[in-house]
Amino acid sequence: MIRFRKASSIMTTKLLNTLGAATTLAGIIATSGVANAASLSYTSSSNYEFTDIIDETLSVQKFDSSLGTLKGVTIQFTGDILGNAGFENRSPTPTQTTVNLSSQFSLQLNNQSLLTFNPEYSSSYQVAKYDGVTDYGGTSGKTLSNLTATESATQSFTNTSFLQSFIGNGDIDFLFSAIANSLVTGSGNMRSYIDTYAKASIKVTYDYEEVKSVPEASTTFGIGVVAGLCLLSQRKKILVKVLNS
Ligand SMILES: [Ca+2]
């Protein structure tokens with residue numbers, strides 16, 4: 001009804017604009033199936049596992065083409081590492097010890113590498129000469145738990161053939177890997193350990209043009225008739241007005 005009011009106000013301006021107004025009205029009806037930008041996201045994640053992790057699957061739902069036309073895909077990949085470490089300096093001299101927790105992450109789709117990064121936690125400790133007990137504590141040792149690091153990367157794709165693999169029913173499978181390269185360094189006489197766990201998540205966002213529902217044929221016909229009547233009645237009034245002026 002708002003459309004009619006809008007059209008009517010145009011028509012009441014000038015007689016010469018009547019034809020133009022009719023065209024505008026027809027235009028509005030014809031474009032009622034216009035596309036609207038919309039987006040939809042799906043996520044998938046894994047739990048912490050002991051590294052190395054090679055080609056583990058992360059699946060998300062494909063894009064349902066009945067929703068509209070897929071215009072772009074944005075992939076956000078996040079990797080987390082968790083670690084525990086301990087060291088004991090057994091040298092008769094003090095030493096600086098560095099604990100470095102890290103893992104190389106990569107995300108693949110259809111044998112193509114999409115995103116890679118290397119989250120890292122690093123910290124250094126000054127410890128004394130050997131305290132006589134190899135307990136990863138005391139004055140010459142240390143125990144570290146729940147060290148963490150995280151990193152994330154995002155990339156958008158609009159290439160038509162790339163987008164094609166995201167369209168359909170069911171899931172699309174990504175593969176992620178996490179290859180740890182954690183390390184404890186210090187004196188030449190060390191006892192040390194380090195464990196590295198990793199997990200990953202992906203968020204896939206589909207940007208698409210949503211097709212609004214087109215009115216039923218009968219409704220369109222109805223609008224056409226009402227519009228036609230409106231035009232006639234408006235035209236009549238304006239003609240009278242013009243003749244009177
Ligand atoms: Ca000790």
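This is a predicted model: local features need pLDDT of at least 70, side-chain atom pairs count only at pLDDT 80 or more; totals for chains, interfaces and linings use all residues.
In which strand does Asn146 lie?

1. Asn146 belongs to strand E8. Although Asn146 is not a glycine, its phi is positive, at about 55 degrees. The residue is exposed, because 7 other C-beta atoms lie within 10 Å of its own and the cut-off for exposure is 12 or fewer.

2. A positive phi of about 55 degrees also occurs at Tyr136, again not a glycine. Tyr136 is placed in the loop between strand E7 (120–127) and strand E8 (141–157). With 17 other C-beta atoms within 10 Å, Tyr136 counts as partly exposed.

3. Asp52 sits in the loop that runs between strand E2 (49–50) and strand E3.

4. As regards overall composition, the chain contains 11 strands and four helices. It comprises 245 residues, of which 24% count as buried. Of the contacts between residues at least 6 apart in sequence, 81% join residues at least 24 apart.

5. The largest nonpolar core consists of 29 residues, and Phe176, Ala178, Ala198, Ala200 and Ile202 have the most contacts inside it. Two or more residues are contributed to this core by each of strand E3 (53–61), strand E4 (68–89), strand E5 (95–109), strand E9 (171–180) and strand E11 (190–211).

6. Leaving out residues up to four places away in sequence, Phe176 touches Glu56, Leu58, Phe105, Ser106, Leu107 and Ala200. One of these partners, Ala200, is itself listed with Phe176 among the residues with the most contacts inside the core.

7. Ile172 is located in strand E9. Is Ile172 buried or exposed? It is buried, because 20 other C-beta atoms lie within 10 Å and the threshold for burial is 20 or more. When neighbours within four places in sequence are set aside, the contacts of Ile172 are Ser59, Val60, Lys62, Ser165 and Phe166. For one of them, Lys62, the C-alpha separation from Ile172 is 5.8 Å, although the two residues are 110 residues apart along the chain.

How values were computed:
Residues are numbered from 1 along each chain as its sequence is written. A nonpolar core is a set of buried Ala, Val, Leu, Ile, Met, Phe, Trp, Tyr and Cys residues joined through C-beta atoms within 7 Å. Two residues are in contact if their C-beta atoms, placed from the backbone, lie within 7 Å.
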